[in-house]
Amino acid sequence: MKPYTEDPVQELRELTEALEDWLRFQRRLGWPGTPAARETPPPAQPPAASQVLTLKEIRAELGECKRCKLSQGRRQIVFGDGSARAALMFIGEGPGEEEDLQGLPFVGAAGGLLNNLLSKLGLRREEVYIANVVKCRPPGNRNPEADETEQCLPFLRKQIEAIKPQVIVTLGRVATEALLETQTPITQLRGKWQKYGKIKVMPTFHPSYLLRFPRERQKTWEDMQQVMEYLAAHEEI
Ligand code: SF4
C-alpha cells in the first residue's frame, strides 16, 4: 500500500493514477469510454497475430480429418476464409463442388451472389469471415447428416471463439439449425435477432436459395441492413 501523504501535488497524482486504473478496468468490462476517449479507442479485439495463431491451431488440430464419412469424397477440407478479427461472420452449411476444388468457402455461384451482397453493403470479403457447418463437401451437395454435423461443428465453434465476431449471419436452414440448436423454420427466424452465447445472430436465406428465388433477395437485403445498422451503432464497421 502507498504511504499516506499530505502533499497536495502528490495526492493529486495518486488520485489521477487511481482514476486511470478505474477507467482501464471499466474498459476491460466493455465500457466504450467517453466521447473523447472513443476517438482513439483501444483495439476491440486481441492482436491479430495471436488470433491468426489461434485459427492456425484449430486448423492444425483438424489435421487431415477423417472424423466423419464426408472425408471419403472430398478433395480438400474447406476450413474458412477471411479476417481473423472480423466483426461479421457468415456461416453456411457446407462446401459445394467449386469450394471443394478451390478449398475456399462460397466461391461458386452462391459465393458470387454473397460477394455481390457484400459489395453492395460496402464490405470487402477480406473484412468478414466465412465458414461452414461442415468442412468437407457432402456428396451431390446434399445436406450434411446429423452425425457429420456433430463431428464437425465443434471446430466451427472454436473458430467463432477465436474470431469473436460481433455478429454472425447464418445462411439458410441448415446453418441456423446447427448453430442455434433449433428446429424453428428459417422462414420464421430470418430477420429476427437471435443469440449464440453473447454474440448476436441474424438468420437469413442461403444464397443458393436466393439464386432459385430472386424475389426473396429483398428480404435478405433487409436482414443485412439490420446487421449493418447494429455494427455501425457499435462502431465495428
Ligand atoms: S466434415 Fe468435418 S468432421 Fe467430417 S471429415 Fe470433414 S473436417 Fe472432419
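Two residues are in contact if their C-beta atoms, placed from the backbone, lie within 7 Å. Helices (H or I, at least four residues) and strands (E, at least two) are DSSP runs, numbered from the N terminus. This is a predicted model, in which local features need pLDDT of at least 70 and side-chain atom pairs count only at pLDDT 80 or more, while totals for chains, interfaces and linings use all residues. Residues are numbered from 1 along each chain as its sequence is written.

**View 1. The whole chain.**
Welcome to the overview: the protein chain has 10 helices and six strands. Of its 237 residues, 34% count as buried (20 or more other C-beta atoms within 10 Å of the residue's own; exposed means 12 or fewer, and partly exposed in between, with C-beta atoms placed from the backbone). Take the contacts between residues at least 6 apart in sequence: 71% of them join residues at least 24 apart.

**View 2**
Two strands pair if DSSP finds at least two bridges between them. E2 and E3 run parallel and are joined by four bridges; Met89 stands opposite Tyr129 in E3. E4 and E6 also pair in the parallel sense, over five bridges, and Val169 has Met202 in E6 as its bridge partner.

**View 2. The hairpin of E5 and E6.**
In this view E5 runs antiparallel to E6, and three bridges join them. Tyr196 stands opposite Ile199 in E6. The two strands form a hairpin with two residues between them, and Gly197 in the turn has a positive phi of about 60 degrees.

How many of the eight residues of helix H7 are buried? Seven of the eight residues of H7 (residues 173-180) are buried, so this helix is largely enclosed by the rest of the structure. The buried ones are Arg173, Val174, Ala175, Thr176, Glu177, Ala178 and Leu179. They pack against several elements, including strand E2 (88-92), strand E4 (167-171), helix H8 (186-189) and strand E6 (199-204). Just after H7, Glu181 takes a positive phi of about 50 degrees.

**View 3. The largest nonpolar core.**
A nonpolar core is a set of buried Ala, Val, Leu, Ile, Met, Phe, Trp, Tyr and Cys residues joined through C-beta atoms within 7 Å. Of the 43 residues in the largest one, Leu88, Met89, Ile91, Val128, Val133 and Val169 touch the most other members. Elements giving two or more residues to this core include helix H5 (109-120), strand E3 (129-132) and helix H10 (217-233). The largest share, five residues, comes from H6. In soluble globular proteins, nonpolar side chains tend to be buried together.

**View 4. A close look at Leu88 and Val128.**
Leu88 is found in strand E2 and counts as buried, with 27 C-beta neighbours inside 10 Å. Beyond its neighbours within four places in sequence, Leu88 is in contact with Val128, Pro165, Gln166, Val167, Val169, Val227 and Leu231. Leu88 and Lys164 are 76 residues apart in sequence, and their C-alpha atoms are 9.1 Å apart in space. Leaving aside neighbours within four places in sequence, the contacts of Val128 include Gly82, Ala86, Met89, Phe90 and Leu118.

**View 5. Two loop residues with positive phi.**
Phe106 lies in the loop between helix H4 (97-102) and H5. Its phi is near 50 degrees, a positive value in a residue other than glycine. Is Phe106 buried or exposed? With 27 C-beta neighbours inside 10 Å, Phe106 counts as buried. Asn141, in the loop between E3 and H6, is not a glycine either, yet has a positive phi of about 60 degrees. Asn141 is partly exposed, with 14 other C-beta atoms within 10 Å.
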